Amino acid sequence: MDRQDCGLLALRPRQRIVSVWLPLWATDRLRRELGDAAPPSDVPLLLAGRDGSRRVALAVDLAGRKIGLSVGMPIAKAQALFPGLVVMDARPDADREALERLALWLQQRVAPIVAVDGQDGLVLETTGTDHLHGGEAAMLRDVVHRLQGAGFTARAVVADTLGTAFAVARTTKDAVVVVDPGNCAKALSGLPVGVLRLPSETVSGLTDLGLTRIRDLENAPRAPLTLRFGDGLVRRLDQAYGRVGEPIHPIRPVDPVMVSRNFAEPIAAAETIARYVGLLAPLLCVELEKRGLGARRLDLMLHRVDSAMQVVRVTLARPVRDSKYLTRLLSERIETIEPGFGIERMELFAAQAEPIEQRQRVSALTEEPTADLSGLIDTLVNRLGSDALYRVVPLESDVPERSVQRVPPLAPVTDASRWPDQWPRPTRLLSKPEVVQAVAELPDQPPRFFIWRGIRRKVKCADGPERVFGEWWSRDAERTVVRDYFRVEDTNGERFWLYRAGDGEHGETGSQNWFIHGIFG
């Protein structure tokens with residue numbers, strides 16, 4: 001029997017851990033802080049600090065790594081080899097504070113359990129929360145996209161254990177990797193032993209013995225390894241394979257709104273968990289009332305006896321401090337909890353709290369009450385995910401796919417969010433225009449027929465063209481781009497919104513190909 005399948009592992013519910021690695025964190029953060037004053041991206045940037053009496057490189061940006069600079073290189077040597085190098089003083093304390101702020105930001109938006117991992121990484125416990133973001137792959141892509149948009153190089157990996165996620169994130173070339181449940185051994189097999197978070201002396205000793213890959217270390221006798229390198233080596237190996245639990249200590253905001261309960265004997269039954277949730281919710285509401293706040297997001301954290309943690313996250317459309325309502329929403333998610341060998345501590349944490357807005361009730365018998373949809377929205381969001389429920393409002397843009405945006409269901413309605421009615425628009429706008437084959441007279445006649453998804457449609461009547469110009473102030477590539485839109489009706493009475501990419505005369509205005517962009521009701 002394989003080691004990873006023996007013992008108590010089969011009884012322990014599987015967790016999912018995300019490791020986010022920011023390999024250029026210090027230099028990326030400094031460039032973002034300096035803004036326009038930062039050196040050009042193609043100029044190597046090195047951050048210097050002290051290693052005893054020596055002045056060495058503590059961080060090197062991507063341009064520096066491409067020319068051969070590395071962390072630990074003496075500054076004098078680096079400046080002698082590369083005269084154009086920009087050297088600035090490192091600020092480890094500022095880097096750490098910024099990383100903690102980033103951890104709190106991810107805690108608000110992705111998962112309730114987020115911890116700082118060293119000087120350039122973050123750890124997220126996402127068990128049971130990935131469905132709120134469209135699945136694990138979509139969740140990781142969103143995290144990496146947001147970090148890249150902020151100017152940070154990032155890689156994100158999700159796996160069953162922190163050791164596996166950490167190791168894969170430090171060795172993969174992909175920005176996003178999902179290690180399927182139960183595949184830790186396969187993912188770790190060919191990786192170097194240095195990614196097991198071992199001291200450098202231990203890695204050097206293992207290399208001298210010819211144990212350069214994790215699979216070599218896994219197959220080696222354990223007693224001699226423990227005798228020579230101590231029990232830390234075997235513990236790291238077991239943590240990576242999931243044979244030994246590894247607790248994650250999440251970061252906490254200053255002065256959080258939180259209540260907790262310790263148990264003399266571990267609890268596991270769903271009814272017992274629900275009963276204690278019903279006891280904690282009123283206590284949390286009392287604390288919220290003292291501060292004049294209402295909860296917008298609740299995290300129920302359940303500490304298990306095996307050092308693992310289960311989390312139930314509830315999102316609310318409006319600030320709430322009704323204990324019965326909060327208890328009901330939390331109790332609906334208890335079925336997702338895996339108590340394992342028992343829960344020894346329970347924490348109810350208001351991850352996001354906002355002032356409660358005072359609203360005037362109906363003051364006249366003839367006045368119609370406003371329907372409150374927040375309860376329905378809360379139920380749907382916590383079952384389907386936060387991305388599954390939204391409203392669509394208009395934006396000021398002539399380009400159709402940029403003229404709409406998604407907002408929360410209860411976002412306030414403003415004059416800017418009222419739909420324009422000067423130009424007819426289709427009931428259904430395709431998320432991405434699809435190419436069609438069409439025959440039309442140039443330069444400004446509608447198509448006589450078009451073929452879409454293998455079906456040939458003859459055009460009975462049409463209206464247009466409506467010319468839409470590119471947004472040259474946003475992108476240089478759109479300075480000469482135009483689209484000619486036509487509303488067409490086929491012989492079956494179906495109406496479509498087609499456009500030609502270009503003006504039908506000049507090649508620089510577009511490819512002159514035809515596309516379908518929407519369907520009228």
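## Ground rules

The model is predicted, so local features need pLDDT of at least 70 and side-chain atom pairs count only at pLDDT 80 or more, while totals for chains, interfaces and linings use all residues. Residues are numbered from 1 along each chain as its sequence is written, and side-chain values use heavy atoms, with hydrogens and water left out.

## The big picture

The protein has 14 helices and 20 strands. Both are DSSP runs numbered from the N terminus: helices are H or I with at least four residues, strands are E with at least two. Along its principal axes, the C-alpha trace spans about 85 × 75 × 50 Å. Of the 521 residues, 44% are buried. Here, buried means under 20% relative accessible area, exposed means over 50%, and partly exposed is in between (1.4 Å probe, protein chains only).

The accessible surface comes to about 27900 Å², with 51% of that belonging to carbon and sulfur atoms; the areas come from the Shrake-Rupley method with a 1.4 Å probe, and for residues only the protein chains shown count as cover. Now for contacts, meaning heavy atoms within 4.5 Å. Among those with a separation of 6 or more, 59% are between residues 24 or more positions apart.

On charge, there are 69 positive and 69 negative side chains, and the centres of the two sets lie 2 Å apart. Lys and Arg count as positive and Asp and Glu as negative, with His and the chain ends not counted. Each charge is placed at NZ of Lys, CZ of Arg, CG of Asp or CD of Glu.

## Cysteines

How many disulfides does a search of the whole structure find? It finds 0, where a disulfide is a pair of cysteine sulfur atoms within 2.5 Å. Cys 285 is buried, at 7% relative accessible area, whereas Cys 461 is partly exposed at 38%.

## Two enclosed elements

Strand β1 (residues 17-21) has 5 of its 5 residues buried, so the rest of the structure largely encloses it. Ile 17, Ser 19 and Trp 21 point one way, Val 18 and Val 20 the other. β1 has antiparallel partners in β7 (residues 155-159), over 5 bridges, and in β6 (residues 121-125), also over 5 bridges. Strands count as paired if DSSP finds at least two bridges between them. Ser 19 sits opposite Val 157 in β7, and Val 18 has Leu 124 in β6 as its bridge partner.

Strand β16 (residues 447-452) runs antiparallel to β17 (residues 455-469), with 4 bridges joining them. Trp 452 has Ile 455 as its bridge partner in β17. The two strands form a hairpin with 2 residues between them.

On we go to β18 (residues 482-490), which is antiparallel to β17 and joined to it by 8 bridges. Asp 463 stands opposite Arg 487, and Glu 466 stands opposite Tyr 485. β18 is mostly covered, with 7 of its 9 residues buried. It is also joined by 7 bridges to β19 (residues 495-501), again antiparallel, and here Tyr 485 stands opposite Tyr 499. The β18 and β19 hairpin has 4 residues between the strands, and Gly 493 in it takes a positive phi near 90 degrees.

Most residues other than glycine have a negative phi, and most peptide bonds are trans. Arg 453 is not a glycine, yet has a positive phi of about 55 degrees; this residue lies in the loop between β16 and β17 and is exposed at 55% relative accessible area. Gln 512, also not a glycine, has a positive phi of about 70 degrees. Gln 512 sits in the loop between β19 and β20 (514-519) and is partly exposed at 25%.

Where are the cis peptide bonds? One joins Leu 442 and Pro 443, with omega about 10 degrees, and Pro 443 lies in the loop between β15 (428-440) and β16. Another joins Gly 464 and Pro 465, with omega about 5 degrees, and Pro 465 is within strand β17.
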